[in-house]
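Visitor: I would like to go through this model with the criteria spelled out beside each value.

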Amino acid sequence: MRRVRYERQGGPEVLFVEEAPIPEPGSGELLARVAAVGVTLPVVRKVRESAEPVPLGGEIAGEVVRTGDGVTGFAAGDRVTGLVFGHGYADYALLHTAMASPVPDGASAVDAVTLVRSGLVARGALEAARPVAGETALITAAASGVGHLAVRLAKLRGAGRVVGAVSDPAKADFVRGAGADDVVRYDAADWGGPADYCLDGVGGELLGPAVAALAPHGRLVAYSSGGGALSAYDLLVGAKSVTGFQMGLIARGRPELYEEWRRDLWRLFHSGELRPAVHARFDLTDAAAAHAAIESRVNTGKVVLTP
């Protein structure tokens, strides 16, 4: 089978395709023939920043080919989606059942990787913000695969006003189409007035401005891998709070909640209330171009690989 990997830190240019044996599923694992892979900023960052090369994992969707020992609830021929911690940029991937969920009829593999993982992060970050109907929501990285779904979900949860923050004004129409009432640029002096909560998918140097945009008692939920530092005083003077959110902890520690959120995302998808956007599809052999699209921050919606 084909597999994409890298041997040294760098940008998209260090990725290459190699031939590798098809892996065997272990206990509790599914071997899936991959039909779609969601490309994410955390994986792109790993290529540039990890001290040692790591497998290119992430969200995949495909068809079960074989099952490992102890697997129940899945069988060969089932369509599945989920998070892969090993090699996911490949024709075949191993998916643990704890991270797997079925793809319902009427949805494609691309629908699955654009909706489920990104939607679960958006939904979980929103839940962590404890939204109240009528509040103002601020969403950074609002044009991203997670961000545009967060914009829509905030509106569906009753936000009185949703402000999307983006790097490029060319993304404004897309973000408004997702449901934002206003769109601001990161370098603007005013981020649209005080927000009751912020879902931050950027981190780094934007963490400070995002907190500054909060109203007194405002809540920021950080779900980005970008890190960043804050002064405790900046939180103290406005009685503001910051919460970190990571989907993997929910999947492993609260599987019943993970399943509840997943079912709700598919319900909204089938009702037409939540439709994820795909920015571009790339062949597996063109993974470098997919990473370049993420790094350039030009994407509006999800970037997908299709083996």
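This is a predicted model: local features need pLDDT of at least 70, side-chain atom pairs count only at pLDDT 80 or more; totals for chains, interfaces and linings use all residues.

Visitor: What makes the radius of gyration of the protein chain agree with that of a compact globule?

Guide: The rule, applied to C-alpha atoms, is 2.2 Å times the number of residues to the power 0.38; for 307 residues a compact globule would come near 19 Å, and the protein chain has 19 Å, so the two agree. The C-alpha trace spans about 55 × 40 × 35 Å along its principal axes.

Visitor: How many of the residues of the protein chain count as buried?

Guide: With buried meaning under 20% relative accessible area (1.4 Å probe, protein chains only), 52% of the 307 residues qualify.

Visitor: Where does Lys171 lie, and why is Lys171 said to have no salt bridge?

Guide: Lys171 lies in the loop between β9 (161-166) and α4 (172-178), helices being DSSP runs of H or I with at least four residues and strands runs of E with at least two. A salt bridge requires a side-chain nitrogen of Lys or Arg within 4 Å of a carboxyl oxygen of Asp or Glu; the nearest side chain of opposite charge, Asp168, is 6.3 Å away from Lys171, which is buried yet has no salt bridge.

Visitor: Which residues does Lys171 touch?

Guide: Counting heavy atoms within 4.5 Å as contact, and leaving aside residues up to four places away in sequence, Lys171 touches Ala143, Val166, Arg297, Val298, Asn299 and Thr300.

Definitions and conventions: Residues are numbered from 1 along each chain as its sequence is written. Side-chain values use heavy atoms; hydrogens and water are left out. Buried means under 20% relative accessible area, exposed over 50%, partly exposed in between (1.4 Å probe, protein chains only). Lys and Arg count as positive and Asp and Glu as negative; His and the chain ends are not counted.
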